[in-house]
Amino acid sequence: MSYQKSEHLFEESSKHMPGGVNSPVRAFRAVGGAPVFIKKAKGSHLYDVDGNEYLDYVNSWGPAILGHANDKVVEAVQNACVDGLSFGAPTGKELELAELITKNLPSVEMLRLVSSGTEAVMSAIRVARGYTRRDYIIKFTGCYHGHSDGLLVKAGSGAITGSAPDSAGIPEGYTKTTLLANYNDKESVKSLFEAFPEQIAAVVVEPVAANMGCVPPKDGFLEFLREITKENGTVLIFDEVITGFRMGLGGAQGYYNVIPDMTTLGKIIGGGMPMGMYGGRKEIMQQVAPMGEVYQAGTLSGNPIATAAGITTLKLLMEKKDKYAKLEQYAIQITDALKEAFPQARVNRAGSLYSIFFTKEEVVDFESACTSDNEMFAKYFHYLLDHGIYVAPSQYEIQFLSMEHTDEEVARTCQIIRQAGKDLA
Ligand SMILES: *Cc1c(COP(=O)(O)O)cnc(C)c1O
């Protein structure tokens, strides 16, 4: 395959944008080479500027669960544009989207729409702090909750205090109130509650960790978080920016039947347009301005184009809800092929979410995920890319299926994976 035009665009882009991209993981740093520049996408397929075609397992990092450029979503966006791009005043579309969300996620009694997942989690934490009048939060090493200052905290060694920021430009004071626990490790959570009695406002967690590769919750882990937060008057926040409307209409909370106090959404609920949401128990959400004392606002929040895409996406997902089982079936087929092709590696799956780790260790948290062989992943990645399969350019990302993937395409993917196992051995 030739990537000449992509390479040229990357070189030129690198003069204008740091690393040539507008979001770091797109730059292929973890796997080497120039990123593929996309010209267009339709259904389960991506087309790059060099005329190469790929079966897409990135799905714009989640939003494109219906496949790219779904006809009905595109039509809804086109119609919405004609009526105006933004008003800065309330619309019936915001109400319609709110009703669709609360109908499928009963724990979300009241909500606010924002424009990204980062904004959603950042705001949810402010509300939890305002509601509890406490400062500390617990997050899990290796979980990603967007790039706001207080949440960009480095994978630590389970230190109880003094979490160091994960990025330059974040004053230490901003992360001092972020306590780190280990995913799937109840003791690490317990000891923080003991060390900071009545000071922990919120526990924020990805109910399936999907930003260190796929790390499913162990049996009882989410139930444990529900219990300990309840006992301590702490707000439990499920960050369902990836899992929401992907693990089923009810998200991970429906899948595992553990109900948080607050939920954050993003990705799928905008159907490819910028959209996020935070919401939860009424008594907590009533703290938000103009009702309560917690301030949060947005010029483009509830944008009419994004709500049109979101409403149409959620309605179609409700019509196609039987397809969620199909997605899970595809994930089982592909993970079986991965296990067969790479018997030395670890393959994790939760519902239709999955990823491969090139390590012998069982991956249950960030530390074990980090034992993975990045060089092997890079070889695997480029093998797939050269065979027309586009997966995320990092070991620490999951792979995303869409409802437009077909039996034939998944079978072909499995065949290429099996061949990769032989050729890379
Ligand atoms: C992607 C993601 C975010 C951030 O969302 P953006 O829209 O990129 O700001 C937050 N939490 C989780 C779990 C995510 O996967």
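A polar contact is defined here as a pair of N or O atoms within 3.5 Å; within protein, one atom must be able to donate a hydrogen and the other to accept it, and residues adjacent in sequence count only if both atoms are side-chain atoms. The structure is a predicted model, in which local features need pLDDT of at least 70 and side-chain atom pairs count only at pLDDT 80 or more, while totals for chains, interfaces and linings use all residues. Residues are numbered from 1 along each chain as its sequence is written, and side-chain values use heavy atoms, with hydrogens and water left out.

In the ligand site, an N or O atom in the side chain of T118 is 2.6 Å from an oxygen atom of the ligand. The backbone also takes part: an N or O atom of G117 lies 2.9 Å from a ligand oxygen atom, and one of Y144 lies 3.3 Å from a ligand nitrogen atom. On its own the ligand has 380 Å² of accessible area, of which the protein covers 83% (Shrake-Rupley method, 1.4 Å probe; for residues, only the protein chains shown count as cover). The residues around the ligand (a heavy atom within 4 Å of it) include S116, H145, G146, E206, N211, D239 and K267. By class, this shell holds three nonpolar, six polar and three charged residues (nonpolar: Ala, Val, Leu, Ile, Met, Phe, Trp, Tyr, Cys and Pro; charged: Asp, Glu, Lys and Arg; polar: the others, Gly among them).

The chain contains 14 helices and 13 strands (DSSP runs of H or I, at least four residues, and of E, at least two, numbered from the N terminus). Of its 425 residues, 55% are buried (under 20% relative accessible area, with a 1.4 Å probe and protein chains only). Among contacts (heavy atoms within 4.5 Å) with a separation of 6 or more, 72% are between residues 24 or more positions apart. The C-alpha atoms fill a box of roughly 55 × 55 × 45 Å along the principal axes.

In helix α7 (residues 221-231), the buried residues are F221, L222, F224, L225, R226, I228 and T229. These pack against the strands β5 (136-140), β7 (200-205) and β8 (235-239) and the helices α6 (186-195) and α8 (251-256). G233, which follows α7, has a positive phi near 65 degrees. S13 is found in helix α1 (residues 4-16) and is buried, with a relative accessible area of 12%. Not counting residues up to four places away in sequence, S13 touches G20 and F37.

Note on methods
Buried < 20%, exposed > 50% of the residue type's maximum accessible area, 1.4 Å probe, protein only.
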